[in-house]
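Q: Could we read through a structure together, one feature at a time? I would like the general idea, then the case at hand.

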Amino acid sequence: MGNNQNNQKMNFWSIVLLTINSIIGTGIFLSPGAVAKLVGSKAAMIYLAAAAFAAVLAVTFAAASKYVVKSGAAYAYSKAAFGDEVSSYVGITRVVSASIAWGVMATGVVKTTLSIFGKDSSDIKIVTIGFITLMLILLIINLIGTKLLTLISNISTIGKVGALTITIIAGICILIFSGGSHIEEMNLLKDAEGNNLIPTFTTSVFVTALIGAFYAFTGFESVASGSADMEEPEKNLPRAIPLAIVIIACIYFGIVFVSMYIDPVAMVTSKEPVVLASIFKNQLLQKIIIIGALMSMFGINVAASFHTPRVFEAMANEKQIPEFFAKRTKGGLPLTSFLLTAVIAVVIPLAFNYNMSGIIIISSISRFIQFVIVPLAVISFFYGKNKEEVLQANKSFMMDVIVPIIALLLTVLLLVKFNWAQQFSTKLDDGTTTLNIKAVVSMVIGYVILPICLRIYMRGKK
């Protein structure tokens with residue numbers, strides 16, 4: 001009987017595939033140009049550094065999943081470790097960060113679709129109309145139910161891995177037969193004023209590029225949400241997640257390496273939403289990459305439209321927000337939660353004028369609250385200082401204390417060295433920079449005002 005139950009659970013390789021599917025989304029199709037623009041020929045190395053950072057954080061999340069197998073991931077861990085006060089903040093900011101991530105993916109799919117049909121993907125009005133249309137399509141898919149969601153997810157996985165593999169193989173063939181690399185051309189690029197396009201390599205530039213590249217690895221933090229449906233999660237998760245990140249790092253390194261050696265200038269100067277496609281002159285290859293990217297982006301959007309509202313629903317089930325957010329339709333969709341998260345997903349990219357590199361970095365930074373709280377939660381589980389009952393897991397000083405401390409130190413270091421002023425400013429036509437008020441206001445609403453409203457609501461309930 002025990003064996004039958006075991007067979008129904010996800011085995012080690014299924015967890016590896018799930019992790020790969022959760023991570024490879026829009027990032028690798030959209031972020032290489034933004035990273036290369038910052039660090040030039042060092043871009044491939046930056047992706048390896050981002051992979052190392054992601055692996056350390058992923059192991060920390062996997063360690064937390066040994067102690068808490070409730071859904072909600074970071075929200076569930078912080079509630080078990082620190083109680084309602086901390087978890088409500090982690091929960092609400094996780095909803096905001098997940099919605100922003102959804103917004104980035106939606107921006108990618110809308111801009112790519114517009115460019116395929118020859119429309120102006122820089123026109124804010126056209127992008128907004130496309131955005132709202134996409135949200136309506138996602139709403140219909142969610143109302144139909146899980147079967148359609150699963151089918152789209154499977155097709156998307158095949159499409160994206162296929163497109164990336166073909167790109168690497170084609171790139172290697174081009175390098176072998178064309179001979180000679182163009183990588184040095186990248187460092188000679190000038191802007192309109194005649195200054196070097198690639199800035200001087202400083203700590204601040206390194207950190208901003210690392211966070212931009214790290215966006216391509218995000219998604220690992222939600223894998224452990226389903227640990228209750230996995231075989232021996234306490235053993236398999238800490239092995240499967242880092243292995244998946246190594247596989248993804250090899251794919252990403254291959255993509256960035258090939259792109260930079262073939263046409264680094266196109267990588268840095270391209271205005272196309274799918275930067276990867278502009279590197280190749282062959283039209284068939286361009287089409288394969290764009291279709292692969294589109295399948296990947298749409299599939300990830302469908303997944304985001306499924307996962308994101310459910311964080312809010314989990315909070316409603318824990319009575320931390322009004323219970324009507326947990327009400328489901330006949331098809332099982334928490335409709336009010338869906339509508340609220342969809343609004344955040346539209347508003348934040350609009351505040352950044354749909355600037356892809358800007359919202360990619362904000363999407364990464366907005367997740368960092370959970371990257372501070374979860375390592376602290378794991379350490380508290382190890383020392384038995386948690387507020388709520390947790391599972392009796394196999395404790396490991398290395399995995400439950402040393403790795404979380406490294407994850408915490410790296411996260412704090414990146415936050416301190418990050419160029420906040422540049423991220424929240426806009427370049428005007430005359431070359432001067434000014435504060436991006438819309439971006440600042442949207443962040444203040446998401447990270448200060450919404451959590452305060454939630455505290456007032458919870459105090460009122462008590």
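Q: What volume does the second largest pocket have, and how is such a volume defined?
A: Rolling a probe the size of a water molecule over the atoms shows where empty space is left. On a 1 Å grid over the protein atoms alone, a pocket is an open set of points with protein on both sides within 12 Å along at least five of seven lines, and its lining residues have an atom within 4 Å of a point. Grid points are joined across faces, edges and corners, and the volume is the space filled by probe spheres set on the points. Here the second largest pocket comes to about 1500 Å³. Bear in mind that this is a predicted model, where local features need pLDDT of at least 70, side-chain atom pairs count only at pLDDT 80 or more, and totals for chains, interfaces and linings use all residues. Residues are numbered from 1 along each chain as its sequence is written, and side-chain values use heavy atoms, with hydrogens and water left out.

Q: Which residues lie nearest the centre of that pocket?
A: They are S22, S222, A303, F306 and H307, out of 50 lining residues. Helices here are DSSP runs (H or I, at least four residues), numbered from the N terminus. The elements giving two or more residues to this lining are α2 (12-23), α7, α9 (146-178) and α14 (283-317). The largest share, 13 residues, belongs to α14.

Q: How many cavities of 30 Å³ or more are found in the whole structure?
A: A cavity is a set of grid points where a 1.4 Å probe fits but cannot get out. The search finds 1 of that size, and the largest cavity has a volume of about 40 Å³. Its lining consists of V90, T93, R94, S97, S366, R367, I369 and Q370. Both α7 and α17 (368-382) supply at least two of the lining residues, and α7 has the largest share with 4 residues.

Q: Which residues touch the most other members of the largest nonpolar core?
A: A nonpolar core is a set of buried Ala, Val, Leu, Ile, Met, Phe, Trp, Tyr and Cys residues joined through side-chain atoms within 4.5 Å. The largest one has 135 residues, and Y47, M135, F214, F217, F220, I245 and Y252 touch the most other members. Helix α5 (residues 43-67) gives the most to this core, with 18 residues. Leaving aside neighbours within four places in sequence, I245 contacts I23, A51, A54, A55, A58, F217 and F220. A second, separate core of 13 residues includes I92, M315, F325 and A326.

Q: How many disulfides are there?
A: A disulfide is a covalent bond between the sulfur atoms of two cysteines. With the rule of a pair of cysteine sulfur atoms within 2.5 Å, the count is 0. For C250, the nearest cysteine sulfur is that of C173, 19 Å away. C250 counts as exposed because its relative accessibility is 53%, while C453 is partly exposed at 43%.

How values were computed. Buried < 20%, exposed > 50% of the residue type's maximum accessible area, 1.4 Å probe, protein only. Contact = heavy atoms within 4.5 Å.
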